[in-house]
Amino acid sequence: MTDFLLENVWFIPFYGLIGAVLTLPWSFGLITKTGPRPAAYINILMTLLAFIHGTFAFRLFWDEIPRQLVFHWVQVADLDLSLVLEISSLSLGAMELVTGISLLAQVFALGYMEKDWSMARFYGLMGFFEAALSGIAISDSLLLSYGLLEMLTLSTYLLVGFWYAQPLVVTAARDAFLTKRVGDILLLMGIVALSSFGTDLTFSELESWVATNPLPPVSATLLGLALIAGPVGKCAQFPLNLWLDEAMEGPNPAGIMRNSIVVSAGALVLIKLQPVFTISPVASDALIIIGAMTAIGSSLVAIAQTDIKRTLSHSTSAYLGLVFITVGLQQVDIALLLLVTHAIAKALLFMSIGSIILNTSSQNITQMGGLWSKMPATTTSFLVGSAGLISLLPLGSFWTMKRWVNGFWDTPLWLLILILLVNFLSAINLTRVFRLVFLGETQAKTRRVAESPWPMAVPMVSLIIVTLLLPFFLENWQLLLTSSGQWSENAPIWEKVAVPLLVISGFLGVMLALTMELTRELSRPTQFYRRFFQDLLAYDFYIDKIYGVTVVWLVANLAKLTSWFDRYVVDGLVNLTGLATIFSGSALRYNVSGQSQFYVFTIIFGVGLLLVWLVYTGQWSMVFDYWSSFFN
Amino acid sequence: MLSVLILLPLIGAVIISFWPQKIGENDSSPLHKNLALLCSLVILFWTIFLVFQFDPNQGGMQFSENLTWIEWLGLNYQIGLDGLSLPLIVLNSLLTVVAIWISSETIERSRFYYALLLLLNVGVVGAFLAQDLLLFFLFYEVELIPLYLLIAIWGGQKRGYAATKFLIYTAVSGILLLASFLGLVWLTGAKSFAYGPLLSQTLPLATQLLLLSGILIGFGIKIPFFPFHTWLPDAHVEASTPISVLLAGVLLKLGTYGLLRFGVALFPQAWQELAPFLATWAAISALYGASCAIAQKDMKKVVAYSSIAHMAFILLAAAAGTPLALVAAVAQMVSHGLISALLFVLVGVVYRKTGSRDVDYLRGLLNPEKGLPVVGSLMILGVMASSGIPGMVGFIAEFLIFRSSFPIFPVQTLFCLIGTGLTAVYFLLMVNKVFFGRLTPELANLPPVQFSERLPGLVLAVFIIILGLQPNWLLNWSEVDTAAISNQLTVNQVQLTMKN
């Protein structure tokens, strides 16, 4: 039995896929009598099976040497494309995280999507989503990961576009797909190049390939940048960050997945590609710069949002920015820790706000207030989720950050300041949202609110427990092993006070947000500078406007121009030739007199001209020889 | 064995054209359709039989047939099947069934229509099988007439213009091909137009270049490449759906097939001289087609321009000319055939139900109660397949093309990759406008879609997914024979370097 479970670990992603396929009769309306609920139950059951299977495999496999499963997919000419899976405690753990959060999100959706008529379609997409994600978790092949990332892009498109009748949803789905696609095409370029440079696209062999120093600097740089682009799109990093914000138009349970593990999937691919970035300093620097810009920019933007989902989605970008920095600094362990702690805390936060949105039918935080006494589980979720995300109380994020800055890794001053800043801004943002939503007076939309039904409450409570216990899990799995790093003698002073500073930054953030004045009105400040900054942040630094007047404008007008060119110049030339032929034809028809003398004259005249030309150019003998050869 | 493929549709066409239009009081149009369908199904089964008889590892022509025809002219009835033509024959047989299936039961002058469809099939199959240059040319021209009539009689409003344009373009293409073929045979002093002996021609490079240019432009019109493409959007827009399916799915492949068979294989030396230019041409054509597609308002035009973009990738692969590239080129032919056929079938259903293909007019068709949800879902699938989403045949074909061309023409390949990226842009804009959003009141009472109307789309979608997950089935057929063609290129290269 145990062997069986271990040997068939590769099957876990297929549970989700099977669930997705089984929902088809309901989503296509072939079964209507039962309503869409059976489809939901089937999917939850399949995910539960995947989770149980994964748990057994994870426990059995603990501390064993990683194994590889190789499927030879395409072998043609001199190319061998293999799909490699890596079975290790790390990858199985990642898969557990995926199936676990997926299970909770799907149970959560039972309550959230209860009244939606196309629930079956939703569950089908979630199953598809889960399959792709758990595949990425155990994939050891860049090609397979790319394929699964594209599956994610597709299912994100369909999930964001789930309520496709609403105009905002339509643009959001389109932008999500196209933005990610930009990254993916660049990534595909990178994959094509990488494959052509003589490696077989297996992650675990990249390191030995890189050690042979295979590429000139320019190629290495371009390759590195192309490979970064895919994860930049997936993890919603600047400049491809806006889709995540817009994607909030989709159903909330999908948002739970998207903000916790889907973004992590992109980061996971980035982490596995990390050896390639070591040969290109430019690529490493690009990672750090992109990560830093996104971390600070998104943290600031989050503070100015009034849509409850968007306050959190920008914070997702910010934390993923930190992951990018760690990869750029080659601190892969920290990157993984950050992903785990962020994913769990963010999932919990999104459940909490999903519960709020469902019960208040609003996403605008300025219309809320006083929910703490009415929705205790939701309030606790938000509090615990926030505590898990900012480094103040000894929960997941605190231990991760502590490990990052405690001297084991080389921490430059700018990095410390950046971490402190992100922590400080996140603390402000979450406290601000908490005050507006849960504290204060109740308002029109929050007066008659009750706690969510059990399908939503149970996942929330479970995840609260997981978040609270996360430090113990991490300790237990020895992921925090190096938490008592050695201080080197000449470590700079800031490294020694980093951990206290971290706590202080979180505390200051919370305090500031608790004391600052919060206006519930939507009125904008009258002072020019305040208004300028508030608008700048509220409208995401106007990035979408900038896109509108640059890239989008360029493509749209280029398309119009080529289309015009095609219609009037290329086709016009052709039609002109046709017209000329017709005209010359109709002019020539006046020669058709019907008199045989004229025809004979024309023929003789033509042949005569030909002969004269042949004699003149001296080709006469050639013609003569040719014809005489027939008679010999 | 192979002649059956040519004779069957011919016999079918004859029977249908002599079948009475009316039996008693009943109009027998539906009967004509069923007869044609039966005929095409028999052809399909025969093709499948051939597939199982075919040995992909053998290399060279199989089931060859050789009949002396017009000896003094050097024209012989010489046909054969190899790994290059087999996938295209299968594609043709499948799409002919699809085209007849989706033809309207109450089409006017049904006898004539189905007879022409089957005659078209004769021309296409003959061209794919011909092992004699002149025979190829004859079939290539034979296919032209039924297609002209099919567009000119059963087309849309501007059908006369579109059909004539198509006719003139393809006729020019034929003349150029004929000129090159004649030149090749006469200059080498060959006794006949047989294909095999010509493979070892040793003409001077300048002559080769001249002859190859004729072939390139000739097939370039057929495929079509920029700037010879303007007949295609017009023809697609005016042609009825079944004809569009055949046109995009099979007839364009005659051009790319010819490019490999008569371009790369016959003139390896000249081909290598021109290869960098061809790759650049492919990149320009791909980007041009994609860019034009973005601005189109007619769904059929979007798909038509996307054809131009996707067919250009085949030129890129052919220019690269490695064994991998040529297998990929064949795979892309099949992939594009299936995907564009699917898209045209679906656009056809939308047009039949709503009476429009205008992306600005159509809206919200994904609506599950009153819209076309299954057609919409299939459309999303087809669009994703065309954009190269993995798991479908479009991805593996294009990936192999780019992977094989990148080491040889990196810059051109990257530009073609941008073209792939743009696919998502124009198709997504189309799908978003047509299927998403709120169903407008004018569109709220659409006639329901029958299962029989969905079936062809479903079948094509299944093929697209199966070949996407298991591409070996497609690649293995042509691997040996394309490697042989590519081998000639490399042999030539070695000779060239030795001369220097």
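**View 1. Helices H12 and H17 of chain B, side by side in a predicted model.** Here helix H12 (residues 268-294) of chain B packs with helix H17 (residues 410-435) of chain B, their axes 9 Å apart and at an angle of about 15°. Angles under 35 degrees count as roughly parallel, so H12(B) is roughly parallel to H17(B). The crossing of the two helices is left-handed. On the H12(B) side, look for residues including B:Ala279, B:Ala283, B:Leu287 and B:Ile294; they meet a set in H17(B) that includes B:Phe415, B:Gly419, B:Leu422 and B:Tyr426. By class, this contact has 15 nonpolar and five polar residues, and no charged ones.

**View 2. Helices H5 and H12 of chain A.** Turning to chain A, helix H5 (residues 89-112) and helix H12 (residues 252-272) have axes 8 Å apart, at an angle of about 165°. That makes H5(A) roughly antiparallel to H12(A). Their crossing is left-handed. Among the residues making the contact are A:Leu97, A:Ile101, A:Phe108 and A:Tyr112 of H5(A), together with A:Pro253, A:Ile256, A:Met257 and A:Leu268 of H12(A). The contact counts 13 nonpolar residues, three polar and no charged.

**View 3. Where chain A touches chain B.** Finally, the meeting of the two chains: 40 residues from chain A and 40 residues from chain B take part in the contact. On the chain A side, strand E1 (67-76) and helices H7 (142-160), H8 (167-196) and H24 (543-588) each supply at least two residues. H8(A) gives the most, with 14 residues. The chain A side comprises 25 nonpolar, eight polar and seven charged residues.

Key. Residues are numbered from 1 along each chain as its sequence is written. Chains are lettered from A and ligands numbered from 1 in the order in which they are written. This is a predicted model: local features need pLDDT of at least 70, side-chain atom pairs count only at pLDDT 80 or more; totals for chains, interfaces and linings use all residues. Two residues are in contact if their C-beta atoms, placed from the backbone, lie within 7 Å. Helices (H or I, at least four residues) and strands (E, at least two) are DSSP runs, numbered from the N terminus. Ala, Val, Leu, Ile, Met, Phe, Trp, Tyr, Cys and Pro count as nonpolar, Asp, Glu, Lys and Arg as charged, and the others, Gly among them, as polar. Axes are lines fitted to C-alpha atoms, for helices over the stretch in contact, and angles run from 0 to 180 degrees between N-to-C directions. Angles under 35 degrees count as roughly parallel, over 145 as roughly antiparallel, 65 to 115 as roughly perpendicular and the rest as oblique. A crossing is left-handed if the near helix is turned anticlockwise from the far one by less than a right angle, and right-handed if clockwise.
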